[in-house]
Amino acid sequence: MNFILFDDPQIRQSLLPLTFTRPVGEIRIGIQTISEKWQAYLQSETSFYTQDYLQTKFPVIVADDNVFINCAVCPTETLVEAIQQLAPETALLQGETILAYRSKEAKDTFENTITFEGTVRIIRHAIDIYTHNGEQIINDFQRITAGRISQPINDRFTAFYNESQIFIEEGVDLKSVVLDATHGPIYIGKGVSLSIGALIQGPFAICENSVVNMGAKMRRNTTIGPHCKVGGEISNSVIFGNSNKGHEGFMGNSVIGEWCNWGADTNNSNLKNDYSKVELWSYVSNRYENTGSQFVGLIMGDHSKCGINTMFNTGTVVGVNCNIFGADFQPKHIPSFSWSNGNGTFKTYHLRKANQVARAVLERRGKEFDAVEEQILKAIFEKI
């Protein structure tokens, strides 16, 4: 079998702006991205069937016998078993959602269908990423650490609770921190640095080569992706990778894409003063929709940045490549390629300048901003 992760068009749209720059399967939730989870469960490489403008960076590999898997679905052993038993030209459904199908080519109608009766975790909306993050940290932790031995905690000034639920990979540097795994596991990836005075509550995951700065407070259900630098207070949030929130300030119930930067003392609200349910901008309906949730923070697309003391209101959506600054609360929806005028209004962030900044940011991390990356941003710019 050849495994292909496909974007469900409706789900992909509801996950914008995060899916402007990646297939749904490249969303990080728990410790790993969804595609990394599938590769681990299947013990096989996967490719992506996604938007045309993303396909060059995320190419699809098609064979004579393909299994297409909805990459908004987080895998489980029972689901993987059901998928591997699919007969040719048969789809596995739950309700009206296609979970997977076996076919020579991509399609959306099927004569033969099977209903999957087990529990399925489908990431349908951006807030699902942080809502179910703690659950996914626990699931990933059990699988990733099974049969393995953690690196020891040798620092005599580090305090830890429920040690069996703390796993430390090789090359970790930690000094005088508190690791509290009483309420869930703590996973610390390779090459991570935990600075003096950091306070960490599980469930929590920090991926390879990331840094937690001095005195930072990492609260439950939080994931810090690879190559990030974080500080201040972070609660129930996911940072995909290569992004920085290095200074004081609060981030809560939020999802932050790659190559983003928060200026010092930036904060986001995650609860309204009247405790009512939060509305969030929808790219499906092009209006604000009630999330049904009381706690909603900030959704920020790739390459967006904000200046010092930026204030984000409850339930704010920031698109791709935005440059945000100003003393007042920011608008609750900032479209992609917006450049602040400093007074709550915005002008277009020109593509040439956006590319120039993106190139400089990637080069600082030893990465190349190549023609493929440039083409992706161009395609997004032309959509706005």
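## Contacts and overall fold

Among the contacts in the protein with a separation of 6 or more, 42% are accounted for by residues 24 or more positions apart. These values come from a predicted model, in which the protein has seven helices and 37 strands.

## Size and surface

For a protein with 384 residues, a compact globule would have a radius of gyration near 21 Å, and because the protein has 21 Å, the two agree. Taken along the principal axes, the box filled by the C-alpha atoms of the protein is roughly 55 × 50 × 45 Å.

Of the 384 residues in the protein, 54% are buried, while the accessible surface comes to about 16900 Å², with 47% of that surface belonging to carbon and sulfur atoms.

## A look at leucine 362

Leucine 362 is found in helix α6, which covers residues 351–364. Its relative accessibility is 4%, and since buried means under 20% relative accessible area, leucine 362 counts as buried.

What is leucine 362 in contact with, leaving aside its neighbours within four places in sequence? The residues in contact with leucine 362 are Trp259, His303, Lys367, Glu368 and Phe369. Asparagine 242 lies 120 residues away from leucine 362 along the chain, yet the C-alpha atoms of these two residues are separated by 8.9 Å.

Notes. Residues are numbered from 1 along each chain as its sequence is written. This is a predicted model: local features need pLDDT of at least 70, side-chain atom pairs count only at pLDDT 80 or more; totals for chains, interfaces and linings use all residues. Side-chain values use heavy atoms; hydrogens and water are left out. Helices (H or I, at least four residues) and strands (E, at least two) are DSSP runs, numbered from the N terminus. The radius of gyration is taken over C-alpha atoms; the globule rule is 2.2 Å times the number of residues to the power 0.38. Buried means under 20% relative accessible area, exposed over 50%, partly exposed in between (1.4 Å probe, protein chains only). Contact means heavy atoms within 4.5 Å. Accessible areas come from the Shrake-Rupley method with a 1.4 Å probe; for residues, only the protein chains shown count as cover.
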